[in-house]
Amino acid sequence: MKMESEKLSGKIKNLNFQPHVLGEQVSRILTEAILEGVLKGGDQLIEAELQKQFVISRSPLREAFRNLEKKGLVVIIPRRGTFVKRITRKDIEENFPVRAVLEGLAAEQAHQKMTENALEQMSHVLQEMTEAVKENNTKAYWRNHLEFHDIFIRASGNDILIDVLKTLRMHGLWYRFSYQYYQEDLARSLGVHQKIFDHFRLQDIAAKAIGKLVQEHIQVAFQRFLAYVDEQETGSRPAGRPSARAHVEGPAASNAQGGIRKL
């Protein structure tokens, strides 16, 4: 137990926090630590060590653990403790197809609800994505890529859909970060997003058609991700295909090493 405590202490010693934070704030810090790879699958979250680090009692810490469990980020095992969930191929195979359908539905429902303000935001984000492609800045591209999708999901006005997708998209990021996967043909991806934006702006295709375009975009990313996972697990790749690592980079690459943002 002492060795495990020392390992955990070493991982979280640089995490920024405020004294006497509430369970919700602790949950947010630990969520970021998990998503960014500071805390990895199988790591145990030791209560005594975290109480000392955050200067809190057991009650808000256990509240934070329950919150993380609801998010699907940890597993609480009676009489053993709380552990960061290990990601499986099954998790990935279940997440992406469902998210593809629901994001497609969000785009379909946003079709007639896009406001001028939302379109202006989307246009600005698309410009940022274009600049990121020119500069081959994958970190900036991914940051703006996420915001692009958030805009039309919010525009759907469907609170249930927005809430469900929030969790699915969070898990999708976690899976990518955990596998250090940020492979993307940025130019191809940018072209798809330009089409999505143009269709929202011009209203030149049916709602179901724009939903299908979004769904297919995510399905392509899903197939690429699975191929990458296979490559990492087997150490091999199809003949003639370049290594996925040649394209690996992303927003968590530096954050995972630099700790968690201040509350």
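Just after helix α7, G157 takes a positive phi of about 70 degrees. Welcome to a predicted model, in which local features need pLDDT of at least 70, side-chain atom pairs count only at pLDDT 80 or more, and totals for chains, interfaces and linings use all residues. Residues are numbered from 1 along each chain as its sequence is written, and side-chain values use heavy atoms, with hydrogens and water left out. Helices (H or I, at least four residues) and strands (E, at least two) are DSSP runs numbered from the N terminus.

**Helix α7**
- Helix α7 covers residues 138-155, and its 18 residues reach 26 Å from first C-alpha to last, close to the expected 26 Å (1.5 Å times one less than the number of residues).
- Buried residues (under 20% relative accessible area, 1.4 Å probe, protein chains only) in α7 include W142, H145, F148 and F152.

**The sheet**
- Three strands form an open sheet in the order β1-β3-β2, with antiparallel pairing (strands pair if DSSP finds at least two bridges between them).
- β1 (44-45) and β2 (74-77) are the edge strands, each with a single partner, so one side of each has no neighbour in the sheet.
- β2 and β3 (residues 81-84) are joined by four bridges, and I76 has T82 in β3 as its bridge partner.

**Two packed helices**
- Helix α2 (residues 23-35) packs against helix α4 (residues 58-70) at about 50 degrees, with axes 8 Å apart (lines fitted to C-alpha atoms over the stretch in contact, with angles from 0 to 180 degrees between N-to-C directions).

How values were computed:
Buried < 20%, exposed > 50% of the residue type's maximum accessible area, 1.4 Å probe, protein only.
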